[in-house]
Amino acid sequence: MRYFIRLSYDGTNYHGWQAQKNAISIQKILADALSMMHREKISLTGCGRTDSGVHAREYYAHMNLEKDLSKVQAEKLVFKLNSYLGKDIAIQDIFPVRPGAHARFSATLRTYQYHITLVKDPFLVNQSFYYYGPIDIELMNRGAELLMKYSDFTSFSKVDSDTKTKICKLTQAGWESSGNLLVFTISADRFLRNMVRAIVGTLLDLGTGKMNLRELKLVIEAKNRSDAGDSVPACGLFLHEVKYPEDILQW
């Protein structure tokens with residue numbers, strides 16, 4: 001039986017989701033815990049790769065188990081995992097899904113958020129990017145509207161990425177402010193490596209007068225990463241939500 005795991009994590013102390021040599025990752029820590037508890041080798045497949053220091057409010061992974069879990073057993077496993085794992089990883093749910101359901105490829109929509117704080121805040125140091133100076137949010141929102149008109153985001157993709165296509169279908173992009181916090185929300189069917197951080201960095205150039213809307217348009221159409229702005233730090237980025245077809249659940 002295939003199961004989905006819904007979890008969240010603070011990525012500050014991890015080198016992202018993906019397991020890798022000589023680095024601590026969410027995938028390895030969780031897979032090791034599950035393997036120990038089930039006394040069998042458990043492999044996990046995540047809904048996407050998050051870079052070092054990036055957080056997830058909602059993340060999904062799938063696994064295959066030799067023995068089926070009842071609802072009560074799944075709830076007990078959630079409790080055991082949360083008791084064993086560190087305080088920066090939390091398991092919310094474990095549930096069976098239909099055969100062939102895939103944490104990454106079955107996802108229909110992903111939403112990221114990026115947080116910028118306008119004042120130095122020791123309680124947000126690992127969950128936001130501190131930026132000092134005036135920012136034109138209205139202009140950045142006009143820039144976000146411009147992004148929505150395009151589908152090729154080569155200019156915001158990691159240069160050495162092996163992705164076959166740079167086409168993404170955006171369904172939402174915009175900024176909101178709440179006190180000293182600015183939040184950028186962006187939704188799409190898929191994202192390229194480093195795409196959100198590169199977009200935020202470029203929109204920040206727009207909002208701080210280093211670029212105008214005409215130049216932003218040229219950057220997008222150039223399909224050249226070196227023309228876009230710098231990537232903002234990972235600490236402000238959150239995978240906010242992942243959506244799947246409604247018929248994926250087996251219970």
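1. Arg-39, which comes just after H1, takes a positive phi of about 55 degrees; helices (H or I, at least four residues) and strands (E, at least two) are DSSP runs numbered from the N terminus. The model is predicted, so local features need pLDDT of at least 70 and side-chain atom pairs count only at pLDDT 80 or more, while totals for chains, interfaces and linings use all residues. Residues are numbered from 1 along each chain as its sequence is written, and side-chain values use heavy atoms, with hydrogens and water left out.

2. Among the buried residues of H1 are Ile-26, Leu-30, Leu-34 and Met-37, where buried means under 20% relative accessible area and exposed over 50%, with partly exposed in between (1.4 Å probe, protein chains only). The buried residues of H1 pack against strands E1 (2-9), E3 (55-64) and E4 (89-96) and helix H2 (71-84), contact meaning heavy atoms within 4.5 Å.

3. In H3, the buried residues are Leu-139, Met-140, Gly-143, Ala-144, Leu-146 and Leu-147. Seen down the axis of H3, they fall within an arc of 155 degrees and so line one face of the helix, the arc being that of the directions from the helix axis to the C-beta atoms. Exposed Glu-138 and Glu-145 are carried on the face turned away from the buried side of H3.

4. Ser-157, in the loop between helix H3 (137-147) and strand E7 (170-178), counts as buried because its relative accessibility is 2%.
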